[in-house]
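Please keep the sequence and the structure in view while reading.

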Amino acid sequence: MVVLVIAILIVAIVVLVTYNLHIQKKIEAYNNINDRINNLSVLQDFMKVAGQEESVDEKLKKINEIVIEKYNIKYSTIVVFNGAEYVVKASNVDEKHYEVLSNLHTEEIFQDSVSTATPKYITIDNENEKLPYQKTEMGRAKSAMFFPLYIENIYIGYWIMESGQMHAFDKTDTTIIEVVKDNIISVLQTTSYQNTIENIDRIDKFTGLHSAEYLYGEGKRTIDQYPTSAVAMFRITNIENINEKTSRQMGNDIITEISNIVKTRMNSQYIFVRYMGPKFAIVFSGVEENSLEEFLTDLKTEIEELAIIEEEEIIEKIREVKGKRVKVKEVKPQKEASPKINFVVSTYYKGTGLELLTKKLEEYLDTADKDESQINYI
């Protein structure tokens with residue numbers, strides 16, 4: 001009888017162990033599926049941010065906030081090399097620590113990690129210690145994970161997450177964190193073109209206007225607040241003749257005065273840039289193309305009524321008169337110049353290639369007859 005009871009107990013134990021193992025496998029499978037869903041959700045959030053009409057810096061800040069929230073990280077900092085120096089692009093750490101955080105690549109403890117493209121985990125073992133890269137602070141971070149960031153085998157910076165607890169990342173699933181790191185790299189890669197455009201924009205010294213690149217970076221965020229916008233481009237068709245017949249200074253004065261005239265007619269939502277040389281572009285954000293005719297006609301008339309007069313110049317020359325060298329004054333006659341412009345207008349639709357549209361407008365102006373001076377709609 002006792003043997004039978006023992007046998008029943010053994011069978012029951014085996015059944016329970018088998019059942020528990022089965023349940024454990026289901027839980028692990030569920031957790032794996034849940035992790036994948038969470039990671040997919042984070043990736044979707046990242047891609048959503050990458051597609052927003054915001055600056056690269058703002059996108060990185062949002063991505064860092066997502067990382068902190070979704071993975072319950074105490075401190076997270078993204079540092080990127082901008083071609084000249086390492087810059088903290090996103091962090092929830094007090095700015096007084098930025099100098100230390102932007103120089104982690106120089107710390108011996110992380111140099112091997114950078115050179116081998118592998119993560120580095122460091123922590124302290126008692127409260128009286130501090131992490132090797134910390135200078136004066138002791139209480140803020142007691143453990144950290146450092147991830148070098150590479151795009152196509154090119155080192156571009158690093159991401160570091162920190163905790164105020166010792167051994168905080170001992171049981172962290174590095175596979176998940178690697179996915180987060182890869183997502184950060186993906187966003188950096190997708191925003192690299194935008195970052196280049198934002199940094200290449202320049203202010204023209206004669207007109208004070210932004211260059212064409214402004215349209216595709218900062219300006220586009222204003223333009224894309226509307227489903228459609230009218231884009232106008234104009235060229236000073238006789239600028240070469242003015243430079244040749246009068247002077248280059250006269251040509252520069254013409255360009256400056258034209259820009260001043262247009263500026264007075266711009267509201268805060270319109271984007272006006274010096275596109276290239278004698279070509280200018282205006283984006284009328286949210287304005288229909290067919291409602292611009294009167295405005296552009298008046299603008300063209302005002303510009304072409306502009307007259308720049310070169311002041312009389314008295315030139316002293318030495319001439320020989322009756323065998324003697326004498327100083328003679330000559331008056332250089334006044335010269336006058338007025339611009340002629342050729343307009344071309346089209347419609348930009350949000351979500352399409354603004355740079356392709358402006359290229360089409362530019363090509364029209366460059367191939368039009370040099371004597372053409374009108375308002376064209378294409």
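On helix H4, the face turned away from the buried side carries the exposed residues Glu108, Asp112 and Ser115. Here exposed means over 50% relative accessible area, buried under 20% and partly exposed in between, with a 1.4 Å probe and protein chains only. Helices (H or I, at least four residues) and strands (E, at least two) are DSSP runs, numbered from the N terminus. The model is a predicted one, in which local features need pLDDT of at least 70 and side-chain atom pairs count only at pLDDT 80 or more, whereas totals for chains, interfaces and linings use all residues. Residues are numbered from 1 along each chain as its sequence is written, and side-chain values use heavy atoms, with hydrogens and water left out.

H4 spans residues 108-116, and its buried residues include Phe110, Ser113 and Val114. These three cover an arc of only 100° around the axis, which puts them on the same side of H4; the arc is that of the directions from the helix axis to the C-beta atoms. In general, an α-helix has 3.6 residues a turn, so residues three or four places apart point the same way. The buried residues of H4 pack against S3, S4 and S5, where contact means heavy atoms within 4.5 Å. Just after H4, Ala117 takes a positive phi of about 60°.

Two strands pair if DSSP finds at least two bridges between them. Strand S3 (residues 120-123) runs antiparallel to S4 and is joined to S4 by four bridges, with Lys120 standing opposite Phe146 in S4. Strand S5 (residues 154-163) is also antiparallel to S4, with nine bridges between the two, and Pro148 stands opposite Tyr158 in S5. S4 and S5 form a hairpin with two residues between them, and Glu152 in the turn has a positive phi of about 50°. Strand S4 itself (residues 143-151) is mostly covered, with eight of its nine residues buried.

Val345 has Tyr377 in S15 as its bridge partner.

Axes are lines fitted to C-alpha atoms, for helices over the stretch in contact, and angles run from 0 to 180 degrees between N-to-C directions. Helix H9 (residues 248-263) and helix H10 (residues 293-304) also pack at an angle of about 150°, with their axes 10 Å apart. The contact is made by Ile258, Ile261 and Val262 of H9 and Leu299, Glu302 and Ile303 of H10.

**Charged pairs**

How many salt bridges does the structure hold? There are 12 salt bridges, each being a side-chain nitrogen of Lys or Arg within 4 Å of a carboxyl oxygen of Asp or Glu. In one of them, the side chains of Glu362 and Lys279 meet at 3.8 Å, N to O. Glu362 lies in helix H11 (residues 354-367) and Lys279 in strand S9 (residues 279-285), so the pair ties together parts that are 83 residues apart in sequence. Glu362 is buried at 14% relative accessibility, and Lys279 is buried at 7%. Lys279, Glu362 and Asp366 are linked in a network of salt bridges.

Another salt bridge joins Lys220 to Asp224, the closest N and O atoms being 2.7 Å apart, and both residues are buried. The side chains of Arg235 and Glu240 meet in a salt bridge of 2.8 Å, N to O. Of this pair, Arg235 is buried, with a relative accessible area of 16%, whereas Glu240 counts as partly exposed at 42% relative accessibility.
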